[in-house]
Amino acid sequence: MQATAYTYDPETRSGSVLLDDGTPVEFGADAFDAGGLRLLRPGQRVRVETAPGTSGPDLRITLVTLQTF
């Protein structure tokens, strides 16, 4: 799934993304670390993976990485 980085706190390595429908979804340090990123800037396009069976308000991001073409 693709999204746009919305917030990122380098101290906690957590933040949030905006899905393409505008829905904000938060992610924790574990999802950030799983993607191998060192920094994330608001506005960057990212690819996210979610936990199986999660959707809507219960959506849980398990990986955040940069979107590559």
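The model is predicted, so local features need pLDDT of at least 70 and side-chain atom pairs count only at pLDDT 80 or more, whereas totals for chains, interfaces and linings use all residues. Residues are numbered from 1 along each chain as its sequence is written, and side-chain values use heavy atoms, with hydrogens and water left out.

Thr-65 lies in strand S5; helices (H or I, at least four residues) and strands (E, at least two) are DSSP runs numbered from the N terminus. Thr-65 counts as buried because its relative accessibility is 16%; buried means under 20% relative accessible area, exposed over 50%, and partly exposed in between, with a 1.4 Å probe and protein chains only.

Next, select Val-64. Residues up to four places away in sequence not being counted, Val-64 touches Phe-27, Ala-31, Phe-32, Gly-35, Leu-37, Leu-40, Val-46, Arg-47 and Val-48.

Now display the largest nonpolar core, which has 16 residues. Such a core is a set of buried Ala, Val, Leu, Ile, Met, Phe, Trp, Tyr and Cys residues joined through side-chain atoms within 4.5 Å. Val-17, Phe-27, Leu-40, Val-46, Ile-61 and Val-64 have the most contacts inside this core. Two or more residues come from each of strands S1 (2-9), S2 (14-19), S3 (24-27), S4 (45-50) and S5 (61-66), and from helix H1 (29-34). S1 gives the most, with three residues.

The structure holds three salt bridges, each defined by a side-chain nitrogen of Lys or Arg within 4 Å of a carboxyl oxygen of Asp or Glu.

- Select Asp-33 and Arg-13: their closest N and O atoms are 2.7 Å apart. This pair links distant parts of the chain, with Asp-33 in helix H1 and Arg-13 in the loop between S1 and S2, 20 residues apart. Asp-33 counts as partly exposed at 39% relative accessibility, as does Arg-13 at 33%.
- Select Arg-45 and Asp-20: the closest N and O atoms of this salt bridge are 2.9 Å apart. Arg-45 in strand S4 and Asp-20 in the loop between S2 and S3 are 25 residues apart, and the pair links distant parts of the chain. Arg-45 is partly exposed at 31%, whereas Asp-20 is exposed at 57%.
- Select Arg-47 and Glu-49, a salt bridge whose closest N and O atoms are 2.8 Å apart. Arg-47 is partly exposed at 32%, and Glu-49 is partly exposed at 36%.

Conventions. Contact = heavy atoms within 4.5 Å.
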